[in-house]
Amino acid sequence: MDEPPRDPFLDDPSDPAQALEALDGDHVDEPLSPDEREDALNDLEDLEIFRVLLEPDGVRGVVVDCSDCGEAHYVGWDLMQANLRQLLDVGATRVHEPPFDPDPHDYVTWDYARGYADGTMRAADTSEES
Ligand SMILES: [Zn+2]
């Protein structure tokens with residue numbers, strides 16, 4: 001029985017196939033660190049609560065201070081949720097949404113939404129107790 005042909009790159013540290021594998025490995029790695037992923041998931045959950053509470057009042061989304069251009073971006077609920085899902089999927093967001101003409105009064109900051117949600121839940125707790 002003939003011996004199989006010897007891999008010419010066996011024991012060769014510069015094996016191009018190995019370099020290729022290492023490269024592939026980088027690509028399948030989780031794009032976000034576990035902490036970043038957790039943050040994004042929490043944001044997504046918060047966002048759903050904010051939307052349920054605020055959308056009936058005519059709030060159309062959140063205003064986000066953009067670290068890239070230093071301007072405030074008015075981001076609708078759908079786009080904000082899509083951005084977070086994209087962050088979870090591919091580890092990046094579309095930084096700039098298509099330009100439109102938002103009414104700043106229709107948007108709230110994340111902090112405002114959080115305060116509103118906290119206040120609403122506290123009020124709900126109190127009314128259940130009494
Ligand atoms: Zn920007």
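The model holds an open sheet of 3 strands in the order 2-1-3, with mixed pairing; two strands pair if DSSP finds at least two bridges between them. Strand 2 (72-76) and strand 3 are the edge strands, each with a single partner strand, so one side of each has no neighbour in the sheet. Strand 1 (residues 61-65) pairs with strand 2 in the antiparallel sense over 5 bridges, and V64 has H73 in strand 2 as its bridge partner.

A salt bridge here is a side-chain nitrogen of Lys or Arg within 4 Å of a carboxyl oxygen of Asp or Glu. By this rule there are 5 salt bridges, including those below.

| Pair | N to O distance |
|---|---|
| R114 and D46 | 2.6 Å |
| E48 and R85 | 3.8 Å |
| E55 and R51 | 3.2 Å |

R114 in helix 4 (residues 110-129) and D46 in helix 2 (residues 34-54) are 68 residues apart. D46 is buried at 18% relative accessibility, while R114 is partly exposed at 32% (buried is under 20%, exposed over 50%, partly exposed in between; 1.4 Å probe, protein chains only). R51, E55 and D78 are linked in a network of salt bridges.

The protein chain averages a pLDDT of 81 (the predictor's confidence in each residue, from 0 to 100).

Residues are numbered from 1 along each chain as its sequence is written, and side-chain values use heavy atoms, leaving out hydrogens and water. In this predicted model, local features need pLDDT of at least 70 and side-chain atom pairs count only at pLDDT 80 or more, while totals for chains, interfaces and linings use all residues.

Definitions and conventions:
Helices (H or I, at least four residues) and strands (E, at least two) are DSSP runs, numbered from the N terminus.
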